[in-house]
Amino acid sequence: MPCLVDKEGIHPCFVGDLPPQLAALNRTNISVHELAVRGIAEKDKTKLFQAVLLDPLTSAILTIDEIREMVDALFRENKKYLKGYK
C-alpha cells in the first residue's frame, strides 16, 4: 500500500482495485513468496525449491536441474544456519 510519510506519521493512501493485468502479475509473485514463507516456517527444503522453481525470472533463465543445483548449493554453503530442514 502506498503511504505518505511526514512529521505527523505514516498515512496510508487508498488507490482502489488494481487493473486485472496488474493484479495477475502481483499474484504470481505473491504465490512464490507465500510458498517460500511456508518452506521457511515448516523447514521444508522441497517447498523452498518449489518457490525458486516457480519464480518467473529464475525459471526463465535456468533449467529445472540448474535450479535444483543452485538450491542445493545454497543449502550446502549455509548449512550452519539451516538446521532442521527436511
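Reader: Does Thr 58 count as buried or exposed?
Author: Thr 58 has a relative accessibility of 17%. Buried means under 20% relative accessible area, exposed over 50%, and partly exposed in between (1.4 Å probe, protein chains only). So Thr 58 counts as buried.

Reader: What kind of model is this?
Author: Residues are numbered from 1 along each chain as its sequence is written, and side-chain values use heavy atoms, leaving out hydrogens and water. Local features need pLDDT of at least 70, side-chain atom pairs count only at pLDDT 80 or more, and totals for chains, interfaces and linings use all residues, since the model is predicted.

Reader: Which residues touch Thr 58, leaving aside its neighbours within four places in sequence?
Author: Thr 58 sits in helix 3, residues 56-61. A contact means heavy atoms within 4.5 Å. With neighbours within four places set aside, the partners of Thr 58 are Val 52, Ile 67 and Met 70.

Reader: What pattern does the chain follow along the sequence?
Author: Helices (H or I, at least four residues) and strands (E, at least two) are DSSP runs, numbered from the N terminus. The chain has 4 helices and 2 strands. Read along the sequence, they give β-β-α-α-α-α.

Reader: What is the radius of gyration of the chain?
Author: The radius is taken over C-alpha atoms, and the globule rule is 2.2 Å times the number of residues to the power 0.38. For a compact globule of 86 residues, that would be near 12 Å. The C-alpha atoms fill a box of roughly 45 × 30 × 20 Å along the principal axes. The chain itself has a radius of gyration of 18 Å.

Reader: What share of the residues counts as buried?
Author: The chain has 86 residues. Among its contacts between residues at least 6 apart in sequence, 30% join residues at least 24 apart. The buried share of the residues is 14%.

Reader: How many salt bridges does the chain have?
Author: Side chains of opposite charge can pair when their charged atoms come close. A salt bridge here is a side-chain nitrogen of Lys or Arg within 4 Å of a carboxyl oxygen of Asp or Glu. By this rule the count is 2.

Reader: Which residue pairs with Glu 42 in a salt bridge?
Author: Glu 42 is partly exposed, because its relative accessibility is 35%. The closest N and O atoms are 2.4 Å apart, and the partner of Glu 42 is Lys 47.

Reader: How many residues apart are Lys 45 and Asp 72?
Author: The side chains of Lys 45 and Asp 72 meet in a salt bridge, at 3.0 Å from N to O. The pair links distant parts of the chain, with Lys 45 in helix 2 (residues 45-54), Asp 72 in helix 4 (residues 64-77), and a separation of 27 residues.

Reader: What is phi of Lys 43?
Author: Lys 43 lies in the loop between helix 1 (20-41) and helix 2. Lys 43 is partly exposed, because its relative accessibility is 35%. Most residues other than glycine have a negative phi. In Lys 43 phi is positive, near 50 degrees.

Reader: How far apart in space are Gln 50 and Phe 14?
Author: Gln 50 is in helix 2. Its relative accessibility is 33%, so Gln 50 counts as partly exposed. Gln 50 and Phe 14 are 36 residues apart in sequence, and from C-alpha to C-alpha they are separated by 34 Å.
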